[in-house]
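The stops below are given in the order in which to select them.

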Amino acid sequence: MEFQHKDLLGIKQLSREEIIGILNHAKKMKEIVLSDCKKTPDLQGKSVVTLFYENSTRTRMSFELASKYMSANAANITASGSSVAKGETLIDTARTLDSMGTDVIIVRHSSSGAPHLIAKNVKASVINAGDGMNEHPTQALLDMFTIKENKGRIAGLKVAIVGDVAHSRVARSDIYALTKLGAEVVVGGPSTLMPTEIEKLGAKAYPSVHEAMIDADVVIGLRIQQERQKSGLIPSLREYHRFFGVDDQRMKFAKPDALLMHPGPVNRGVELTSAIMGTDASKINEQVTNGVAVRMAVLDILTKGGIIE
Ligand code: CP
């Protein structure tokens, strides 16, 4: 199958077939991640750089490990440790990396559209590792992989995305992916954290978490993003947890075999209880493992000129 893109900027731009193609390719990559010999020659001779203007553990490290498992030259650059701190612009920074012969630039930025701007100005493939409140496409792909692996399908499932929907790029990318793959998507959370236009994306919105979770096959909890919130959107974290946190009582609204997912990092005791994170329903650690496999698949597809074998 062909993948007709230089970059991976969002799920919005992908077709259903392209998403399925990436997920199928990631299945093969997961075998490598779980094997005793995590080394393939797929990216030999290629250079992959992560350019992160925001903090990250999972996304940055999984891209770095994915690159190394596939024999790429992998390097990292952060805003605070680079000439960005001396005032170099986003485009000049990206062009500098491009001029060094970088094949793939992986970007995280607090501004929506920053990776799109870079993609227009460099020869390298650009991967969006999270831009403001817009998209986080590789998170959505690993979420789809985790759901498919556990449930055997995505079409026809009811998926509840609950919490701070307003500030979540994961919610947007997940809604695009889930609706393209035929799932029913509902969102739930405080009305102050629910964007008015969300139903235009194809997700039904509820002003509570438990209503959204009724008969859900999958519950995706979202982090309260205090760093992006204006003050006063929630009274306090303690009250948020009381009325909107996912605990064992609220989880009973979902189907008995429902999966519990979260992109991480989790504010324990706020959006999820530690107890619910320790149950068999929780797939949070599997999501992290699958993140490496999915990112290997994305790097492989982009560097091979877009052909999925
Ligand atoms: N899910 C996610 O993007 O986590 P990090 O911020 O740790 O990369």
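**Before you start**

This is a predicted model, in which local features need pLDDT of at least 70, side-chain atom pairs count only at pLDDT 80 or more, and totals for chains, interfaces and linings use all residues. Residues are numbered from 1 along each chain as its sequence is written, and side-chain values use heavy atoms, with hydrogens and water left out.

**Stop 1: the two domains**

Colour residues 11-135 + 288-303 as domain 1 and residues 137-282 as domain 2. These bounds come from an automatic or database domain assignment. Taken over C-alpha atoms, the centres of domain 1 and domain 2 are 25 Å apart. Next, show the contacts between them: 30 residues of domain 1 are in contact with 24 residues of domain 2, where contact means heavy atoms within 4.5 Å.

**Stop 2: the largest pocket**

Select Arg108, Arg169, Arg223, Gly264 and Pro265. The largest pocket holds about 390 Å³ of space. Helix H2 (58-69) and helix H6 (169-180) are the elements that give two or more residues to the lining. Domain 1 and domain 2 both contribute lining residues, so the pocket lies between them.

The terms need their cut-offs here. A pocket is an open set of points on a 1 Å grid over the protein atoms alone, where a 1.4 Å probe fits, with protein on both sides within 12 Å along at least five of seven lines; lining residues have an atom within 4 Å of a point. Grid points are joined across faces, edges and corners, and the volume is the space filled by probe spheres set on the points. Helices (H or I, at least four residues) and strands (E, at least two) are DSSP runs numbered from the N terminus.

Colour the lining by class to find four nonpolar, ten polar and seven charged residues. Nonpolar covers Ala, Val, Leu, Ile, Met, Phe, Trp, Tyr, Cys and Pro; charged covers Asp, Glu, Lys and Arg; the others, Gly among them, are polar.

Stay on Gly264 and Pro265: the peptide bond from Gly264 to Pro265 is cis, with omega near -5°. Pro265 sits in the loop between strand E9 (259-261) and helix H10 (274-277).

**Stop 3: the nonpolar cores**

Which residues touch the most other members of the largest nonpolar core? Select Ile106, Ile127, Leu141, Ile161, Leu178, Met296 and Leu299, out of 60 residues in this core. Helix H11 (residues 284-303) gives the most to the core, with nine residues. Domain 1 and domain 2 each supply at least three residues to this core. A nonpolar core is a set of buried Ala, Val, Leu, Ile, Met, Phe, Trp, Tyr and Cys residues joined through side-chain atoms within 4.5 Å. Buried means under 20% relative accessible area, exposed over 50%, and partly exposed in between (1.4 Å probe, protein chains only).

Another core, of 23 residues, lies apart from this one and includes Leu193, Ala258, Val270 and Leu272.

Return to Ile106 and show its surroundings. Beyond neighbours within four places in sequence, Ile106 is in contact with Val48, Val49, Thr50, Leu51, Phe52, Phe63, Ile127, Ala129 and Leu299.

**Stop 4: two positive phi angles**

Most residues other than glycine have a negative phi, and most peptide bonds are trans. Ser71, not a glycine, has a positive phi of about 70°. Ser71 is in the loop between H2 and strand E2 (73-78), and counts as buried at 17% relative accessibility.

Asp215, also not a glycine, has a positive phi of about 60°. Look for Asp215 in the loop between helix H7 (209-213) and strand E8 (218-221). At 47% relative accessibility, Asp215 counts as partly exposed.

**Stop 5**

Select Gln229, in the loop between E8 and helix H8 (237-244). Gln229 is buried, at 17% relative accessibility. Not counting residues up to four places away in sequence, Gln229 touches Asp164, His167, Leu193, Ile224 and Ile234. Gln229 and His167 are 62 residues apart in sequence and 7.5 Å apart in space, C-alpha to C-alpha.

Thr93 is in helix H3 (residues 90-99) and is buried, with a relative accessible area of 4%. Neighbours within four places aside, Thr93 is in contact with Leu51, Tyr53, Val84 and Glu88.

Finish at Ala212 in helix H7, which is buried with a relative accessible area of 0%. Leaving out neighbours within four places in sequence, Ala212 is in contact with Lys158, Ala160, Val162, Val186, Val187, Gly188 and Tyr206.
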